[in-house]
Amino acid sequence: MRLVALVAAALVAKSIVVAWTILGADPWVALVAVSAVPLIALVLCPAVLLRGRGRTAYVIGADVVVSLLLFADLLSARASGRLLSLQLLSQPSGFEGMGSSVLAMMRWWDVLLFADLLVLGAVAISARLRGARPPWLRETPGPDAPRRRQVARVRTVALIVVGCLAAFALQITAQTSDPQFRVVALSPLGAHAYEGYTELVDTNAVLNAQERDRVDDWFAANAQFHQASPEHEDLVGVLEGRDIYVVQFESLEQVAIGAAPYGQEVTPTINSWLEESLVFDHVLAQVRDGSSSDGELLMLAGVYPLETGAAYLRFPDNDGYTSLPRLLSTQGYEPIALHNDTETFWNRDRVYPHLGFERYIGQEHFDEGTPLGLGLADTDLFDQALREIDEMDAPRFAHLITTTSHLPWELPEELQELDLPGDDATSNYLQTVHYTDAALGEFAAGLEERGLLEQSAIVVVGDHEGPHRYAPEDEQWMDGNAGRVPFIVYVPGEDGRRISTSGGQIDVLPTLAQLVGINSELYAEGVMGRTLLGSHSGSAVTPDGEVLTGADGIEQLQLAYEIADLAITSDWFAQ
């Protein structure tokens, strides 16, 4: 039984490490030493019924499985500050091509997470070679499996199971909707068990009358935030009739725009556009487990992401979204999307038709391309986009998803144009951003050669943060991002304007719809965002549900993620 106690203590310690990675030096982390015990004991208790090598094999096997899960949690915590969603693990398409990104999250000292396994393995091998078991694994000699001892073991296991389940039930009553506090209240393993349970009972859920009323009332109340202020009324309809190209710029942070480390512009193309752009510089990244796919859900469908897992993976066939492609279709556009990675990544091939895209071109259908990073080079993406544009009728709408600036930010030396010291995450990141910015400039030049630039609008949005989301703190040497991503609308020939209304990615859709001049009655009660052209604040709420100081409609924003969960899991939009 010493072996069981040793493994239990090791797994509790690992759970604390994961919680500490998520919460930092928060005193509440110490509570995990208690909250982790019930489920770890539940996992290990079958060992009580076993003896000898069977017990040893079971305990070590359980240690391996739980340790691997906690290791995956540790990598996820570094990347997003959250536990890994079990739902993502069940959907391999969410991890296609992500090997290098996962490796970038690893640290050499992670091997210590498996130190107990190394020790146990060494002891077991040594004992096997000696033909004897170590003293601390030996059992007191006695009669061969007497019935009374077996009954005692069964009773012991039954008591452990009942006690652990009762304790875990109490933990569930104490936990909140805050995913970070859930790690403390339930422990990492408990949070996964709770997620598994909710997956079973919530998938394809049917809202009861009270829940449906809550969702309906929330959307109705949110409809008041779509009126432009007198200050910005002149911008309503400024994009009407223009070709619109939304560039989802991988991992682009607000702090990168205009940055010039060591006297070198990181985004010279975008910088040159700012005088003719609407610059929304206080837009929060609001993605959760779904990363880039959550960014698209926010910006294209106007819906907050799920509390756990990705909507693109859990509910790829949800329909009825009041999406940007659908709204633009009412204005005569034929929406297409291009992505220089495999078309099945994040289930986009299944989701995009439900968002209203008439065509989706993944890397498999590019005329040509050079592998670079996660997919093909961003230059290939924009070249293919120009070829598609040549075949399209006005007005044109294309959603373009870049990949070169994706973690782990590896760019061949011959393509690096910035002279930056060191080989840290931020330096490598800036090299890739600079590369994609140049590719974006070539795209604009291609439009100009075709006589299309002056009738176009190029929208640049970041899907989530880069180094401030994924890199170690000591490699985040560009300060001041504060969780923001750029939202820039380049309108050639128009006077630029900087709009510093605080909001989030959820506000991109209603803001663009208003700039196009689409009547708000077509979307006001079907999207969860707000216009950033109003006299009120935007949806200034973080992915953890924290509402920023000064935001309007605080109670509305505090409920936003909860309402999104109800709406998505029940396919409320289609109904």
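Colleague: What makes Arg530 count as lying over the face of Phe225?

Modeller: In this predicted model, Arg530 is 3.7 Å from the ring centre of Phe225 and lies over its face. The distance part of the criterion asks for CZ of Arg within 6 Å of the ring centre, so 3.7 Å meets that part.

Colleague: How do you know that Arg288 lies over the face of Tyr561?

Modeller: Arg288 is placed over that face at 4.0 Å from the ring centre of Tyr561, and the distance limit is again 6 Å.

Colleague: How many aromatic pairs are there in the whole structure?

Modeller: The search finds 17. One of them joins Trp218 and Phe219.

Colleague: Why is the pair of Trp218 and Phe219 called edge-to-face?

Modeller: The centres are 5.5 Å apart, and pairing requires them within 6.5 Å. The planes make 75°; over 60 degrees counts as edge-to-face, so the name follows.

Colleague: And why is the pair of Trp572 and Phe573 edge-to-face?

Modeller: Their centres are 5.2 Å apart and their planes stand at 80°, so the pair is edge-to-face.

Colleague: Which residues do ring pairs link into a cluster?

Modeller: The cluster consists of Trp218, Phe219, Tyr321, Trp572 and Phe573.

Colleague: Why is Trp218 called buried, and why Phe219?

Modeller: Buried means under 20% relative accessible area. Trp218 has 4%, so it is buried; Phe219 has 1%, so Phe219 is buried too.

Colleague: What makes Trp572 buried, and what makes Phe573 buried?

Modeller: Trp572 is at 11% relative accessibility and Phe573 at 10%. Both values are under 20%, so both residues count as buried.

Notes: Residues are numbered from 1 along each chain as its sequence is written. This is a predicted model: local features need pLDDT of at least 70, side-chain atom pairs count only at pLDDT 80 or more; totals for chains, interfaces and linings use all residues. Side-chain values use heavy atoms; hydrogens and water are left out. Rings of Phe, Tyr and Trp (its six-membered ring) pair if their centres lie within 6.5 Å; planes under 30 degrees apart count as stacked, over 60 as edge-to-face and the rest as tilted. Buried means under 20% relative accessible area, exposed over 50%, partly exposed in between (1.4 Å probe, protein chains only). A charge sits over a ring if NZ of Lys or CZ of Arg is within 6 Å of the ring centre and within 35 degrees of the ring normal.
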